[in-house]
Amino acid sequence: MNTQFIFENIIFFPLLAAVVLAVYLIQFCSVISPCRIEFDEDSKREMKLMVRYNKLSDNAYAAYLGCIMAGVAVALIMESFLILVMLMIIQILYIAPAGVVMFAMYGRSKKYWEAYENGRQEKKPLTCKGVEIYN
């Protein structure tokens, strides 16, 4: 392995690591991450959607991470600047659709729970001799 290649492209390796870390934090630790989106556990359809969404997001991240690691290995072996640039493009191509899907699911979940809470608050209180009783 040519160490000069590594020193010439030293900016790419920390940048790749930073983007992978940022993607991990967005996908697994943020508000929009699949593990934080709530689904209606009383609905079979909702739970089926949750399982599919969680599996899809985990598999997509695993494939993304494998692609980045394999790309770094190939770039080091072939000493190719072009492969490092392609890896940065792959990261953008991954996070853009993944982010759109996560935001869409988060928005969908948020609307559902807002409607659920509004429906709950719109119930009229029971009254017993002028005293309000809430269920």
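Aromatic contacts in a predicted model

Y24, F28, Y61, Y64 and Y94 make up one aromatic cluster in this predicted model.

User: How many aromatic pairs does the structure hold?
Analyst: Rings of Phe, Tyr and Trp count as a pair if their centres lie within 6.5 Å. The number of aromatic pairs in the structure is six.

User: Which helices does the pair of F28 and Y61 tie together?
Analyst: F28 and Y61 are 33 residues apart in sequence. F28 belongs to residues 12–29 and Y61 to residues 44–78, so the pair ties together helix 2 and helix 3.

User: Is F28 buried, partly exposed or exposed?
Analyst: Buried means under 20% relative accessible area, and exposed means over 50%. F28 has a relative accessibility of 22%, so F28 counts as partly exposed.

User: What is the relative accessible area of Y61?
Analyst: The cut-off for a buried residue is under 20%. Y61 is buried, with a relative accessible area of 9%.

User: Is the pair of Y64 and Y94 stacked, tilted or edge-to-face?
Analyst: The ring centres of Y64 and Y94 lie 4.3 Å apart. Their planes are at 15 degrees, so the pair is stacked.

User: Which helices hold Y64 and Y94?
Analyst: The two residues, Y64 and Y94, are 30 residues apart in sequence. Y64 lies in helix 3, and Y94, within residues 81–121, lies in helix 4.

Key: Residues are numbered from 1 along each chain as its sequence is written. This is a predicted model: local features need pLDDT of at least 70, side-chain atom pairs count only at pLDDT 80 or more; totals for chains, interfaces and linings use all residues. Side-chain values use heavy atoms; hydrogens and water are left out. Rings of Phe, Tyr and Trp (its six-membered ring) pair if their centres lie within 6.5 Å; planes under 30 degrees apart count as stacked, over 60 as edge-to-face and the rest as tilted. Helices (H or I, at least four residues) and strands (E, at least two) are DSSP runs, numbered from the N terminus. Buried means under 20% relative accessible area, exposed over 50%, partly exposed in between (1.4 Å probe, protein chains only).
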